[in-house]
Each structure stands twice: as C-alpha cells, then as structure tokens.
Amino acid sequence: MKQPAVPCVFAVYAHLDAVVRGIHALREAGEKEFQVFSPVPHHDILHAIGGKPSPVRVYTLAGGLLGLAIGWGITIGPLGNFGLHVGGKPLLSIPPFGVVAYITTILFGALATLLGMIINTRLPQVNLSAGYDERVSSDHFGIQVRCAPVRMEAMVRLLKRTGAVDVRRAGV
Amino acid sequence: MDYKLSYTDADIDLMQTMRPAKRGYWFLLGFLFLLVLMGAGAWWAQIQTGMGLAGKNSPVGWAMYITTFVFWVGIAHSGTLISAILFLVRVRWRAAVYRSAEAVTVFGLMTAGLFPFIHLGRVWVAHWILPFPNFGGLWPNFRSPLAWDVLAITTYLTVSSTFFIVGMLPDLAVIRDRVKGWRKKVYGFLSQGWQGTDMQWKHYTAAYVFLAALATPLVISVHSIVSWDFAMSIVPGWHSTIFAPYFVAGAIHSGLAMVVLLLIPMRKAFRIERYITMHHLESLARFIIFTALVVGFAYAVEFFIAWYSGARFEKAIFLYRMMGDYAWAFWLLITTNVAAPMLFWFKRIRTSIPWLVVICICVEIGMWLERFVIIVTSLAHDFLPSAWGLYKPTPIDTMIVIGSFAWFFFLFMIFVKVLPAVSMWEVKEQLPPPGRGGAR
C-alpha cells in the first residue's frame, strides 16, 4: 500500500511501558496530532490517551430500534393487502409478529454496529499512515506525530528520550 | 496455552497453518470435492426427475433433508457460544479456539442453508418466502414458524459472518505486513487498511463487544425457532413446550463435539499444540458432559410427560420410538449421545486423543439420529393408523447428505489454508506485552 506524504515523525517502541511514557511526554508537550499503533488493544495505551467512549453504541441502539420498527412494520403493515386468515390465528397476531421483530432487531442492530465501526475506524483505508512500520502489527508499538518540518528534530529527540528504538521522519 | 510465549512466537507459529499445503492436504481436498460433486449431481438428478427420488412420501414428508438441516444448524451453535458468550464472560481459554469454532458456525449455516432449497423441490421459486413487494400478490405468512426460520437462519448467518470477518481484520493486517508479492496485495485488500491505531482499537473493541452481545441471544433463539417448526404443530411427539431448550442443548452438544473433531487434526497437522493444548480439549470435553446431561434429562422428561399426562397419542408415539420400526436408531442415539459422553468423567479418557475422537464421533452420529428419530417416527405414526407409513433412505438423498458433509469439511479445509485459523491478536492479548524497560 502507498504511504501519503504527510510531514510526520514515526517512532517505533519495543516495550509497552516505553510507548505509554511517549504518550505522556507528548501530552505534556501539548501535542494533539498523534496516533498510537499497537498489535493488540491495551488498556494502558487507551488510558494514557484518554478521550470519550466510542460512539459505536449509539449506532447499535439506533440500528436495533430501526430493526424493531421494521419487524413490526413488515408484519403489521401489509395486513390490509394480505388479509388472509391462516391457521386459525387472528390477522393481527402479536406473539408470532414479536418473534419477527425480535430477529430484525438483532439483524439491524448488528448491521448498524458494523456500519458504526466502519465509519469511526475510517475503514477502508487505501493508504497506510505516513511512516507506518510493519513491526507495529506484530510485536512492536508505534507513535506517529504530525508536525511541521522545522519541529521534527525536537520531536525526534523527545521520542528517543522516551525509549523509542527507531525514529524516522516521513512525508518530507 | 503457554503464557510464556512472545508476540513474535504467536505470529510465526500461528501463521504455520497458512504455509503451502503438502500432498496429503490436496489429496483430501480433492476427495472432498469429488464427494461434493456427487452430492450436487444427486441434487441435479432430483431437480430433473422430481422429489420422488428422495424417498419422501405421505405421511413422511420431512425426512433426511430436514434432519440434516436441523443437524447443521445445531453444529453452528457452538461457534457462537464459544466466540460470543465465552468472550462476554471473559473465559481465557476461548482465545485459541474461537476462530475455528466461528468457522464451524459460518460453514455449518452455509451447509444447513442448502437443505431448505433441496427439500423445496421447486427451488426456482424459493424467493417467494422473502418479504419483498411483487406483482404476484405474495407476502410471507409471518404467523408460520417456517417464515421465522427463514429470517432466523438468514440473520444468524449475517451476524455470525460479520463477527467472523470483523474478528479477523487485525490478523489479516499482520499477514499483510509479513508476506510479499501478490499475497501482500490480497491480504492488503482483505485487511482494508487496518493499522491498529488507538482510534481503530477503541471503536473496534466497542463494536466487537456489541456484536458479541447481539450474537448471544441468537444462540438461544435460532434453534428455539428451528424447534418451533415442529413444536407449533399438533403432531404427537412434536407438540411440546420443552422443545426449544431441548433443541438448544442438543445443538450445543453436537457443535462442541464438531469443534473438538476439527481442532484435534488441526493442532497436530500445523504443530500448534502450544496454543491449542490438552487443557482446551479437556475444557470442551467437560462442556460436553454438561450438554449430554441436559440432553439426557430432556429425553427423560419427554417420556415422563408422555406417560404422566395420560395423553394416548403421546404415549403411543414414545412407545413406538422405543419399540417400533426405528427403535434401533432410538437406542443408538441414547447410547451415543448420553451414555458415551459420560466416559468423559474419567480424566484419563477426556485427556486421551483417541477417546476424544471416538466419543465426539459418537455424539455426532447420535445427534443426527436424534433429529431423524424425532422427525421420522412422529410423521410415520401419527393419529390415524390408516395413514401410517415408513420412510427408507434412497441413494439420492443419501448422496446429498454425504455431499453436505463433504461440502462443510471442504470449506473448512480451504479456510485453514487461506485465513488465520487461530486468532493471533486475541492469543497475543493473553500473553504478557513485550518486555518492560527500554531506554530513558
């Protein structure tokens, strides 16, 4: 995959505590334009970064409610057009229609969750982040800091001081 | 699992499954493909000639196809149980086995989904069951459990496939970053640009929890709805309130056995015994003891209700099951489903690979026979003696059923070669993160 030209510094860390130290150092320095890469989700990293909870749950709730409405809609809605008594049950049969609504709630809840994840994780991405290092998907951690070329030297020094094993400039 | 392994060990070891296949693999895959072709050919012959080839008759209008449909939906259940429910309750041993269990779910449903079409006869009008506006004045009868079943199975396949694919994204990125050439392009496309950023993990883990939470009620509801295909009718032996929990327990019982049967050769062939350990297999065997007891209890309750209720037709059908034309199948299912798994109480047996294989095969045979006995005996011997009849399998329906087994294993064998069969990122989550320390 291609890597776009965005001026940044990419630091690779071998240890979890070092990358957490790097995050704290960046926050203390007032940096906001950075992202952290890790092979697995780590509470230490997410805690160090802070931020609000994921809005994916809102998508799940909205999708579930939409599914619930669709379930009742497809069963009750067409009764006027398909008014055929079958199996001795009334036209408006709540228990069996409830089964349908239950299923569609789950179906649309799951689809909306997927949509929420896709939107918020910004997938699919055609290009990988500038300076992306393949080690970070396996057994290393990474921090990418966006900064102007004139500030890069200072940024490299800061990241090395926090324990980065490899720091490179990208997108310049 | 060996919790002293490193992240690098996990990546290297678990990608072993995707190394170029040896001759034995291709031979087995080719053999399965031939069996799939045989099943497809039999189905084609049935479409050309008519449903008479399938041995179904009046009164036994549901036979091998619906038996096998229920069997495969059941097989699918353990995957969601292991991947979703054990995830929500944070069971650590799940990490190494859940991906294969999820594959069992997806492929089990893909196999089960064929049978309503095969059973339908006029497969070209299958879309009539779907709720879409059309000029034919058709709309599904949502009061019928068969319409619920279509929705339930479709939803289950959609949700479990979503969970399966989403769960694989981080691993596909690992593979993308470790391979070269055309494979890099393929896995680059499949991983959709996943990079494991903090933002991605935050939303991903949130979505994963919600997908697990949404998949969990499906474990209960899908097989309950399948059971209502029977229980909502008034046929003796079917019209029972215990059918839903009874079917769910049976589904998990057969699914767990299938997971064990697939994990045993997989861990040996790909040398991943350090990840899928005897502890995993033993945990699954213990689970099978529990499901066998639940299933056994359900069998006993069915007979108790038939006797204690005083309902003559119920009593007659259960006596027929025990002593009638299909008594051999009934006693065989009791032996294989309930008695055989009791051997797992002995540690020596549940930690022995040959015993695990034999008992799990017994459970699969037993669970298929259970559905066969429920379906065929009740239809063969209902209220009117003048309407009684028997069903005998024919070469066509037997070939289709054998073909369905081949189709399932064929899909699974392709899966283990092209996709990560053990979740790398979740296994790594269980391991200590790369060593503490670093320069200051």
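Visitor: How do you know which residues and features count here?

Guide: Residues are numbered from 1 along each chain as its sequence is written, and chains are lettered from A and ligands numbered from 1 in the order in which they are written. The model is predicted, so local features need pLDDT of at least 70 and side-chain atom pairs pLDDT 80 or more, while totals for chains, interfaces and linings use all residues.

Visitor: What makes L211(B) count as buried?

Guide: A residue is buried if 20 or more other C-beta atoms lie within 10 Å of its own, exposed if 12 or fewer, and partly exposed in between; C-beta atoms are placed from the backbone. L211(B) has 27 such neighbours, so it counts as buried. The residue sits in helix α8 of chain B. Helices (H or I, at least four residues) and strands (E, at least two) are DSSP runs, numbered from the N terminus.

Visitor: Which residues is L211(B) in contact with, leaving aside neighbours within four places in sequence?

Guide: Contact means that two C-beta atoms, placed from the backbone, lie within 7 Å. On that test the partners are A110(A), T113(A), T162(B), F163(B) and V166(B).

Visitor: How many residues does each chain bring to the contact?

Guide: Chain B brings 55 and chain A brings 59. On the chain B side, α8(B) gives the most, with 17 residues.

Visitor: Why is chain B called as compact as a globular protein of its length?

Guide: The radius of gyration is taken over C-alpha atoms, and the globule rule is 2.2 Å times the number of residues to the power 0.38. For 440 residues the rule gives 22 Å; chain B comes to 23 Å, which is close, so the description holds. Chain B has 16 helices and 0 strands. Of its 440 residues, 51% count as buried.

Visitor: How do you know that the span of helix α3 of chain B agrees with its length?

Guide: The expected span is 1.5 Å times one less than the number of residues. Residues 64-88 make 25, so α3(B) should span 36 Å; its end C-alpha atoms are 36 Å apart, which agrees.

Visitor: Where is the kink in α3(B) centred?

Guide: On L81(B), with a kink of about 30°. The bend is the angle between axes fitted to the seven residues ending at a residue and the seven starting there.

Visitor: Why is α3(B) called largely enclosed?

Guide: Of its 25 residues, 23 are buried, so the rest of the structure largely encloses α3(B).
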